[in-house]
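Below are my notes on the model, in numbered points. Please read them alongside the sequence and the coordinates.

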Amino acid sequence: MPLPPLVEPVAALSAAEAERTARHLVLADLGELGQRRLRAAHVAVVGAGGLGSPVVLALAAAGVGTLTVIDDDVVELSNLQRQVLHRLADVDAPKVDSAVRVAADLAPETTVLPVRERLTAANAEELLAGADLVIDGSDTFETRALVADACERLGVPLVWGVVQEFAAQVTVFWSAPPAGAPPVVLSDLYPPGAVGELPSCAAVGVLGALCLQVGSVLAMEAIKLIAGIGEPLLGRVLLIDALRGRMSEVPLRGRGETNVAPASAPAPAAVPHVAVDAFDDEISAGAVVLDVREADEVATGAIPGARHTPLADVLGRPEAFAAEGRIVVVCQRGLRAVRAAAALRNAGTDAVVLTGGMDAWSAR
């Protein structure tokens, strides 16, 4: 449903700003009034990484007046595949410094307030206070929960997105929306205790181009809320499947309403694990060891006799292993092995996971 504008507009745009945003000024729904609302807005962006990078670029280019960018990390070479704020020369420099530089290059009228500090339960409300809207581009569920809790207490809208591998989710949470719009918060999507251990980006990867797409959607949701145009994703979850080129949505109801969990696939059954102490017994009984790590990881050391097939190849053709009998799947720590074993079991193979992966086997 359409919502009223989030902020009051500034009195006027400068001549330079009006010229720079001229294509916004002629948009029927946004126009000069909407652009003045963007100029008045203060958006807090948590994270200057894969999602925060395109968000900062898009909102600075759009003419948002103030951006608070919160990130305590420094740029690493492996960030550059998806974190488009940063350049080679920025490696080892604070990520928030890139946000200040790039926003100034795009839109001198935009003020960037860099906060090189880790967001915690103790400081979350203080760091986010004063923002009209928050965009969460963090990369751990622990931080996302802290941001969501702080926004819920502050009563400000939270534009929320998550990306992993080739898939993404985007929605809007708001504990105190305008009259007529039911509140929806993070716990409506993920009840406490519903999220277990999640694999990191370093463990399973993420498509860089998808981060740009999702960051653009996050920025668009912020613009809609600020200017009071269109229909924000409050009460809806946008699902993106990049490999299949599909975008869909599912409804999300607040507490007290019927909830529809946004899942692109049924939750998999628990995958059996084998402790490292029982590994030799599995080998003696004829089990095949399947190492699903990448070639560069295998080159640093592998279990003797293990068959090497990268995770992507296993997921692409799990039926190819149907004749192998019992399979013990191994990765570095166990997270990728769970995915591989689940796919193999769904294809009819008796697959289990070595608990702790190569790290546990090497430690033994």
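1. The lining of the largest cavity divides by class into 9 nonpolar, 1 polar and 1 charged residues. Here Ala, Val, Leu, Ile, Met, Phe, Trp, Tyr, Cys and Pro count as nonpolar, Asp, Glu, Lys and Arg as charged, and the others, Gly among them, as polar. The lining residues are Ala148, Cys151, Glu152, Val156, Leu158, Phe173, Trp174, Ser175, Val184, Val185 and Leu186. Helix α7 (residues 141-154) gives the most to this lining, with 3 residues.

2. On the basis of the note: this is a predicted model, in which local features need pLDDT of at least 70 and side-chain atom pairs count only at pLDDT 80 or more, while totals for chains, interfaces and linings use all residues. Residues are numbered from 1 along each chain as its sequence is written, and side-chain values use heavy atoms, with hydrogens and water left out.

3. The whole structure holds 1 cavity of 30 Å³ or more, and the space in the largest cavity is about 50 Å³. A cavity is a set of points, on a 1 Å grid over the protein atoms alone, where a 1.4 Å probe fits but cannot get out; lining residues have an atom within 4 Å of a point. Grid points are joined across faces, edges and corners, and the volume is the space filled by probe spheres set on the points.

4. The chain has 15 helices and 13 strands, taken as DSSP runs numbered from the N terminus (helices H or I, at least four residues; strands E, at least two). Its C-alpha trace spans about 80 × 50 × 40 Å along the principal axes.

5. Thr355 sits in the loop between β13 (351-354) and α15 (357-363). Its relative accessibility is 36%, so Thr355 counts as partly exposed. Leaving aside residues up to four places away in sequence, Thr355 touches His273, Val274, Ala275 and Ala360, contact meaning heavy atoms within 4.5 Å.

Key:
On a 1 Å grid over the protein atoms alone, a cavity is a set of points where a 1.4 Å probe fits but cannot get out, and a pocket is an open set with protein on both sides within 12 Å along at least five of seven lines; lining residues have an atom within 4 Å of a point. Buried means under 20% relative accessible area, exposed over 50%, partly exposed in between (1.4 Å probe, protein chains only).
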